[in-house]
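Me: I would like to learn how to read a structure feature by feature, with the criteria stated as we go. Could we begin with how accessibility is judged?

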Amino acid sequence: MPDQNPEVKLLAHALYQMRILLSGHLGSMCKSPIEVRVAAHMAYALHNEALEIIEGRHFDVGSALKKIEAIDNILGTEDGTRFSRFVSTGKA
């Protein structure tokens with residue numbers, strides 16, 4: 001198991017916990033505020049990647065970004081694309 005940065009592990013654990021806490025806000029028919037639904041879908045999209053970090057493994061960033069971009073199709077937003085673009089280019 002490779003050494004992991006403790007800050008990265010902390011963030012991975014937090015994201016994984018958020019996925020659990022926000023699970024009731026998933027789905028295109030959910031009545032929660034859109035910001036909460038986007039957060040729930042982001043956490044859900046990346047929870048397997050968070051688990052990879054927690055367990056000391058790596059994941060494919062490109063594949064993870066595609067999952068984030070798919071949120072836009074589910075919720076009719078542009079948040080996933082905007083997030084992906086920022087991660088890829090550093091520009092919002």
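Reply: Buried means under 20% relative accessible area, exposed means over 50%, and partly exposed is what lies in between, computed with a 1.4 Å probe on protein chains only. Pro 33, at 47% relative accessibility, therefore counts as partly exposed. This is a predicted model, in which local features need pLDDT of at least 70 and side-chain atom pairs count only at pLDDT 80 or more, while totals for chains, interfaces and linings use all residues. Residues are numbered from 1 along each chain as its sequence is written, and side-chain values use heavy atoms, with hydrogens and water left out.

Me: How is the length of helix α1 checked, and what caps its N-terminal end?

Reply: Asn 5 is the cap at the N-terminal end of α1, with a side-chain oxygen 2.8 Å from the backbone nitrogen of Glu 7.

Me: Which residues does His 47 contact, and is its side chain buried or exposed?

Reply: Contact means heavy atoms within 4.5 Å. His 47, a residue of helix α2, counts as buried because its relative accessibility is 11%. Its side chain reaches the backbone oxygen of Tyr 44 at 2.5 Å, and, neighbours within four places in sequence aside, His 47 is in contact with Tyr 16 and Arg 19.

Me: How should I read a nonpolar core, and which residues make up the largest one?

Reply: In soluble globular proteins, nonpolar side chains tend to be buried together. A nonpolar core is a set of buried Ala, Val, Leu, Ile, Met, Phe, Trp, Tyr and Cys residues joined through side-chain atoms within 4.5 Å. The largest one here has eight residues, namely Val 38, Met 42, Ala 45, Leu 46, Ala 64, Ile 68, Ile 71 and Leu 75. At least two residues of this core come from each of α2, α3 (61-69) and α4 (71-75), and α2 gives the most, with four residues. Ile 68 touches Met 42, Ala 45, Leu 46, Gly 80 and Phe 83, if residues up to four places away in sequence are not counted.

Me: How many salt bridges are there, and which residue forms one with Lys 67?

Reply: A salt bridge is a side-chain nitrogen of Lys or Arg within 4 Å of a carboxyl oxygen of Asp or Glu. By this rule the model has four salt bridges. Lys 67 pairs with Glu 49, the closest N and O atoms being 2.6 Å apart, and this pair links distant parts of the chain, since Lys 67 is in helix α3 and Glu 49 in helix α2, 18 residues apart. Lys 67 is partly exposed, with a relative accessible area of 32%, whereas Glu 49 counts as buried at 9%.

Me: How far apart in helix α5 are Arg 82 and Asp 79?

Reply: An α-helix has 3.6 residues a turn, so residues three or four places apart point the same way. Arg 82 and Asp 79 are three residues apart in helix α5 (residues 79-89), and are therefore separated by about one helical turn. Their side chains meet in a salt bridge at 3.1 Å, N to O.

Me: Which side chain of opposite charge is nearest to Arg 37?

Reply: Lys and Arg count as positive and Asp and Glu as negative, while His and the chain ends are not counted. Arg 37, placed in helix α2 (residues 34-54), is buried yet has no salt bridge, and the nearest side chain of opposite charge, Glu 35, is 8.6 Å away. Beyond its neighbours within four places in sequence, Arg 37 is in contact with His 25, Gly 27, Ser 28, Cys 30, Ser 32 and Leu 75.

Technical notes
A polar contact is a pair of N or O atoms within 3.5 Å; within protein, one must be able to donate a hydrogen and the other to accept it, and residues adjacent in sequence count only if both atoms are side-chain atoms.
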